Amino acid sequence: MCWFSTEYAHHIEEAKTGQRLGIKQMHWHSNWVVRETEIDAPRPCPVCLIDRTRVLFRFSESQQASLHLGIEAEAVFRMLKKPKRDVFEFSDARQITLGDLPAGLIFDVLVVPGAEELSTVLEPEQAVQQQEEEREKEPFLARLLARW
């Protein structure tokens, strides 16, 4: 969503880990990524996904049938340079352009490159491991007293 929005939108937001977004078809037949709360707004603020952002799509039954994907599908957003276009790359190596996604499609931002430490909220196993590592760094006496 960044190639088009950087050239034509006045105000742009950057996607954040944990954010729920949607696909909105604009009046000039181009799709924008917008906040889920603005999907029905006439003039929403576009949300820019940076290259390699990981997302989780939540497809309706009709969307599953037309795209041949499951209920949920993880993908990586890619900003291709030649030609300039925005695509989502799925685990089966299939790429779907932003313009080919159905309007109203909802997805969650799992990981924004450069903000991976924030994604532990979405990956509980990793968060538990980090807590255990931090606890091991505590002084022995503090750990011993915490057990009593």
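Glu 13 has 16% relative accessibility, so it counts as buried (buried means under 20% relative accessible area, exposed means over 50%, and partly exposed is in between, using a 1.4 Å probe and protein chains only). Keep in mind that you're looking at a predicted model, where local features need pLDDT of at least 70, side-chain atom pairs count only at pLDDT 80 or more, and totals for chains, interfaces and linings use all residues. Residues are numbered from 1 along each chain as its sequence is written, and side-chain values use heavy atoms, with hydrogens and water left out.

So what does Glu 13 meet in a salt bridge? The partner is the side chain of Arg 35, at 3.4 Å from N to O (a salt bridge is a side-chain nitrogen of Lys or Arg within 4 Å of a carboxyl oxygen of Asp or Glu). Glu 13 sits in strand S1 (residues 13-14) and Arg 35 in strand S3 (residues 31-35), so this pair ties together parts that are 22 residues apart in sequence. Strands here are DSSP runs of E with at least two residues, numbered from the N terminus. Arg 35, with 26% relative accessibility, counts as partly exposed. Glu 38 joins in as well: Glu 13, Arg 35 and Glu 38 are linked in a network of salt bridges.

Why do such pairs turn up? Side chains of opposite charge can pair when their charged atoms come close. A search of the whole structure finds eight salt bridges, so let's visit a couple of others.

Take Arg 20 and Asp 108, whose side chains meet in a salt bridge at 2.8 Å, N to O. Arg 20 belongs to strand S2 and Asp 108 to strand S9, so the pair ties together parts that are 88 residues apart in sequence. Is each partner buried or exposed, or something in between? Arg 20 counts as partly exposed, at 35% relative accessibility, while Asp 108 counts as buried, at 10%. The two side chains also make a polar contact at 2.8 Å (that's a pair of N or O atoms within 3.5 Å; within protein, one must be able to donate a hydrogen and the other to accept it, and residues adjacent in sequence count only if both atoms are side-chain atoms). Leaving out residues up to four places away in sequence, Asp 108 touches Gln 19, Arg 20, Arg 54, Val 55, Leu 56 and Arg 58, where contact means heavy atoms within 4.5 Å.

Arg 54 has a salt bridge too, with Glu 74, and their closest N and O atoms are 2.8 Å apart. Glu 74 is in strand S6 and Arg 54 in strand S5, so to speak a link between distant parts of the chain, 20 residues apart. Glu 74, at 40% relative accessibility, counts as partly exposed, and Arg 54, at 27%, counts as partly exposed.

Now for the nonpolar side of things. The largest nonpolar core has 23 residues, and Leu 49, Phe 57, Phe 88, Phe 90 and Leu 101 touch the most other members (a nonpolar core is a set of buried Ala, Val, Leu, Ile, Met, Phe, Trp, Tyr and Cys residues joined through side-chain atoms within 4.5 Å). Strands S2 (20-25), S5 (54-58), S6 (72-80), S7 (85-90) and S9 (106-111) each supply at least two residues of this core. Which strand gives the most? That's S6, with three residues. There is also a second, separate core of five residues, including Met 26, Trp 32, Val 34 and Ile 39.

Finish with the rings. A search of the whole structure finds six aromatic pairs (rings of Phe, Tyr and Trp, the last by its six-membered ring, pair if their centres lie within 6.5 Å; planes under 30 degrees apart count as stacked, over 60 as edge-to-face and the rest as tilted). Phe 57 and Phe 59 are stacked, 5.5 Å centre to centre with 20° between the planes. Phe 57 and Phe 90 are tilted, at 5.7 Å and 35°. Phe 57, Phe 59, Phe 77, Phe 88, Phe 90 and Phe 107 form one aromatic cluster.

Conventions
Helix = DSSP H or I, 4+ residues; strand = E, 2+ residues; numbered from the N terminus.
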